[in-house]
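Please keep the sequence and the model open beside the text.

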Amino acid sequence: ASITADGPKVLEYNCRFGDPEAQVVIPRMKNDMIEVMEACVDGKLDEIELSFEDNACVCVVLASEGYPVSYQKGYPIRGLENFKGCDDKFVFHAGTKFDAEGNYVTNGGRVLGVTAKGKTLVEARANAYKATELVQFDNKYMRHDIGKAIDEA
């Protein structure tokens, strides 16, 4: 999208609720996710009043270096336990699997979505990047410009 003299112009409109889009909305939702999904299935979503926390959330995708062209798989993932029991930072699995010993290893280009909350977008962005340091795997790659405009505004 771009802003023109005639107003915003949309080049592409993505209406799916996939990752990482959902990964910044779901942690802020106060409703029970199962109830919301059941209402969707039953055609009764209009009967549900969605409620969200008054805060912000930012997601940084941890990818395999070389993604999307070419990348290696099977690297052990360390540090996932750092997210256990947290209600302000989360890690969503994307390209992961269990190896023969039952350990998490990389298995795709987009490996994990590291998401964090904050009172403001600036705080949420800082928290998300700090949370990316809690998990490690060989060939870990991430963009450092996610939400960059937040800090520049």
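## A charged pair at the start of a strand

Lys 89 counts as partly exposed, with a relative accessibility of 22%. In this predicted model, the side chain of Lys 89 meets that of Asp 88 in a salt bridge, with 3.8 Å from N to O. Asp 88 is likewise partly exposed, because its relative accessibility of 36% lies between the 20% and 50% limits of that class.

## Overall layout

The chain has three helices and eight strands, and from the N terminus on these elements follow the order β-β-α-β-β-β-β-β-α-β-α. Along its principal axes the C-alpha trace spans about 50 × 45 × 30 Å, and of the 153 residues of the chain 31% count as buried.

The chain exposes about 10100 Å², of which carbon and sulfur atoms supply 51%. When contacts between residues at least 6 apart in sequence are considered, 63% of them join residues that are at least 24 apart.

Helix α1 covers residues 33-41, and at its start a side-chain oxygen of Asp 32 reaches to within 2.8 Å of the backbone nitrogen of Ile 34. Just after α1, the backbone of Gly 43 takes a positive phi of about 70°.

## Salt bridges elsewhere in the chain

How many salt bridges does a search of the whole structure find? The search finds five, one of which is the pair of Lys 89 and Asp 88 described above. Side chains of opposite charge can pair when their charged atoms come close.

Another of these pairs is formed by Asp 151 and Arg 125, whose closest N and O atoms are 2.6 Å apart. Asp 151 is partly exposed at a relative accessible area of 43%, whereas Arg 125 counts as buried at 11% relative accessibility. A further salt bridge joins the side chains of Arg 143 and Asp 145, at 2.9 Å from N to O; Arg 143 is partly exposed with a relative accessible area of 45%, and Asp 145 is partly exposed at 35%.

## The four-stranded sheet

Four strands make up an open sheet in the order β4-β7-β3-β8, with antiparallel pairing. Strands β4 (89-93) and β8 stand at the edges, and each has a single partner strand, so one side of each is left without a neighbour in the sheet.

Strand β3 is mostly covered, as eight of its nine residues are buried. Eight bridges join β3 to β7 in an antiparallel arrangement, and across this pairing Cys 59 stands opposite Thr 115 in β7. Strand β3 is also joined, by two bridges and again antiparallel, to β8 (residues 140-141); here Ala 63 has Tyr 141 as its bridge partner, and Ser 64 stands opposite Lys 140.

Leaving aside neighbours within four places in sequence, Lys 117 is in contact with Pro 27, Glu 53, Asn 55, Ala 56, Cys 57, Asp 87, Asp 88, Phe 90, Ala 124 and Asn 127. Among these contacts is Asp 88, the residue that forms a salt bridge with Lys 89.

## The largest nonpolar core

In soluble globular proteins, nonpolar side chains tend to be buried together. The largest nonpolar core of this model has 19 residues, and those that touch the most other members are Leu 62, Ile 77, Leu 112, Val 114 and Val 135. Strands β3 (56-64) and β7 (110-118) and helix α2 each supply at least two residues of this core.

Which residues does Ile 77 touch, not counting residues up to four places away in sequence? Ile 77 touches Thr 96, Tyr 104, Val 105, Thr 106, Val 111, Leu 112, Val 135, Gln 136 and Phe 137.

Technical notes: Residues are numbered from 1 along each chain as its sequence is written. This is a predicted model: local features need pLDDT of at least 70, side-chain atom pairs count only at pLDDT 80 or more; totals for chains, interfaces and linings use all residues. Side-chain values use heavy atoms; hydrogens and water are left out. A polar contact is a pair of N or O atoms within 3.5 Å; within protein, one must be able to donate a hydrogen and the other to accept it, and residues adjacent in sequence count only if both atoms are side-chain atoms. A salt bridge is a side-chain nitrogen of Lys or Arg within 4 Å of a carboxyl oxygen of Asp or Glu. Buried means under 20% relative accessible area, exposed over 50%, partly exposed in between (1.4 Å probe, protein chains only). A nonpolar core is a set of buried Ala, Val, Leu, Ile, Met, Phe, Trp, Tyr and Cys residues joined through side-chain atoms within 4.5 Å. Contact means heavy atoms within 4.5 Å. Accessible areas come from the Shrake-Rupley method with a 1.4 Å probe; for residues, only the protein chains shown count as cover. Two strands pair if DSSP finds at least two bridges between them.
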